[in-house]
Amino acid sequence: MADIGSITKGSAGVPKAEKGRGRSGRDAGTTKEYQTTSTGSPEIPVSKSFLNKLGEMHTAERELTLALPLVAAAAKSKDLKTVLRIHLKETKGHAKALENIAKSLRQELPSKSCKPMTRLIAEGVKVIGKRLVSSDQDAALIAVGQKIEQFEISSYTPLCTEADENDWTHEFAVLTSILNQEKMASELLAGLAAGKAPLQDLVEKTSLKKIRAGTR
Ligand SMILES: [Fe+2]
């Protein structure tokens, strides 16, 4: 998988108004109508809900960046540690990528809390605090990890859809890459939960080698 940061900026953030309406033909709830900034560059109409979700996911990714090293350290199996550490690298990239999306759309990234992620991380911390036997602890950590990935997948999917509908080619590509990495992490965790270790076998099935190449 390509490094998110390396995705070439193509027809980034070109306002739908300039290109004609997107596939949905809708123009709902934009923060501002098409205006000109003090520097003369046109502002891009972006829906409030898109921006708020972007800000919420930025907070979610940053919180996860802080939590994942603790979870990886607590994991007992080498395979689970590896999956978590790879996803930590990806998660750091996701936070940065969201900041860049806001910039390329010429918007301020709103500061939002993300209660679902905070709650799920607290659930993970609680698992660690229970000091369960190795296999039980790993199974419980994987279960929380799967919930986190499901939350992220369900959050990035509508963001991808909206970027696509607005013909934000670059932003759509970046968001799709994030979504694919979340799906990959989810598949790997599901594989470990189903006892499909060693990781080497999972790697071949889920193209983990490509992820590693993209996160170096
Ligand atoms: Fe993420």
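The largest cavity in this predicted model has a volume of about 200 Å³. Of the 19 residues that line the largest cavity, Leu 64, Leu 68, Val 71, Gly 145 and Ile 148 are the closest to its centre.

**Cavities**

- The model holds two cavities of 30 Å³ or more.
- The lining of the largest cavity is made up of 15 nonpolar residues, three polar residues and one charged residue.
- Five helices contribute at least two residues each to this lining, namely helix 2, helix 3, helix 4, helix 5 and helix 6.

**Overall fold**

- The protein chain contains eight helices and zero strands, and its pattern along the sequence reads α-α-α-α-α-α-α-α.
- The protein chain has 216 residues, of which 46% count as buried.
- Among contacts in the protein chain with a separation of 6 or more, 71% are between residues 24 or more positions apart.

**Nonpolar core**

- The largest nonpolar core comprises 47 residues. Within this core, the residues with the most contacts are Phe 50, Leu 54, Leu 98, Met 117, Tyr 156 and Leu 175.
- At least two residues of this core come from each of helix 2 (48–74), helix 3 (78–104), helix 4 (115–129), helix 5 (134–165) and helix 6 (169–193).
- Helix 2 provides the largest share of this core, with eleven residues.
- Leaving aside residues up to four places away in sequence, Leu 98 touches Leu 54, Met 57, His 58, Glu 61, Leu 109, Tyr 156, Leu 175 and Ile 178.
- In soluble globular proteins, nonpolar side chains tend to be buried together.

**Salt bridges**

- The count of salt bridges comes to three.
- Lys 53 forms a salt bridge with Glu 56, and the closest N and O atoms are 3.2 Å apart. Both residues belong to helix 2, where Lys 53 and Glu 56 are three residues apart, about one turn of the helix.
- Lys 53 counts as partly exposed, at 21% relative accessibility. Glu 56 has a relative accessible area of 18% and is therefore buried, since buried means under 20%.
- Glu 99 forms a salt bridge with Lys 96, and the closest N and O atoms are 3.2 Å apart. Because Glu 99 and Lys 96 are three residues apart in helix 3, about one helical turn separates them.
- Glu 99 has a relative accessibility of 26% and so counts as partly exposed. Lys 96 also counts as partly exposed, with a relative accessibility of 45%.
- A further salt bridge joins the side chains of Glu 123 and Lys 147, at 2.5 Å from N to O. This pair links distant parts of the chain, 24 residues apart, with Glu 123 in helix 4 and Lys 147 in helix 5.
- Glu 123 has a relative accessible area of 29% and is partly exposed. Lys 147, at 41% relative accessibility, counts as partly exposed.

**Backbone angles in the loops**

- Most residues other than glycine have a negative phi.
- Arg 106, a residue other than glycine, has a positive phi near 60°. Arg 106 lies in the loop between helix 3 and helix 4, and its relative accessible area of 38% makes Arg 106 partly exposed.
- Asp 167 is not a glycine, although its phi is positive at about 60°. Asp 167 is located in the loop between helix 5 and helix 6.

**Ala 139 and Leu 80**

- Ala 139 is part of helix 5 and counts as partly exposed, at 47% relative accessibility.
- How far apart are Ala 139 and Leu 80 in sequence and in space? Ala 139 and Leu 80 are 59 residues apart in sequence, while their C-alpha atoms are 9.8 Å apart in space.

Technical notes. Residues numbered from 1 in each chain as written. Predicted model: local features only at pLDDT ≥ 70, side-chain atom pairs only at ≥ 80, totals over all residues. Heavy atoms only, no water. Core = buried A, V, L, I, M, F, W, Y, C linked by side-chain atoms within 4.5 Å. Buried < 20%, exposed > 50% of the residue type's maximum accessible area, 1.4 Å probe, protein only. Helix = DSSP H or I, 4+ residues; strand = E, 2+ residues; numbered from the N terminus. Contact = heavy atoms within 4.5 Å. Salt bridge = Lys/Arg side-chain N within 4 Å of Asp/Glu carboxyl O. 1 Å grid on protein atoms, 1.4 Å probe; cavity = no way out; pocket = protein on both sides within 12 Å on 5 of 7 lines; lining within 4 Å. Points joined across faces, edges and corners; volume = space filled by probe spheres on them. Nonpolar A, V, L, I, M, F, W, Y, C, P; charged D, E, K, R; others polar.
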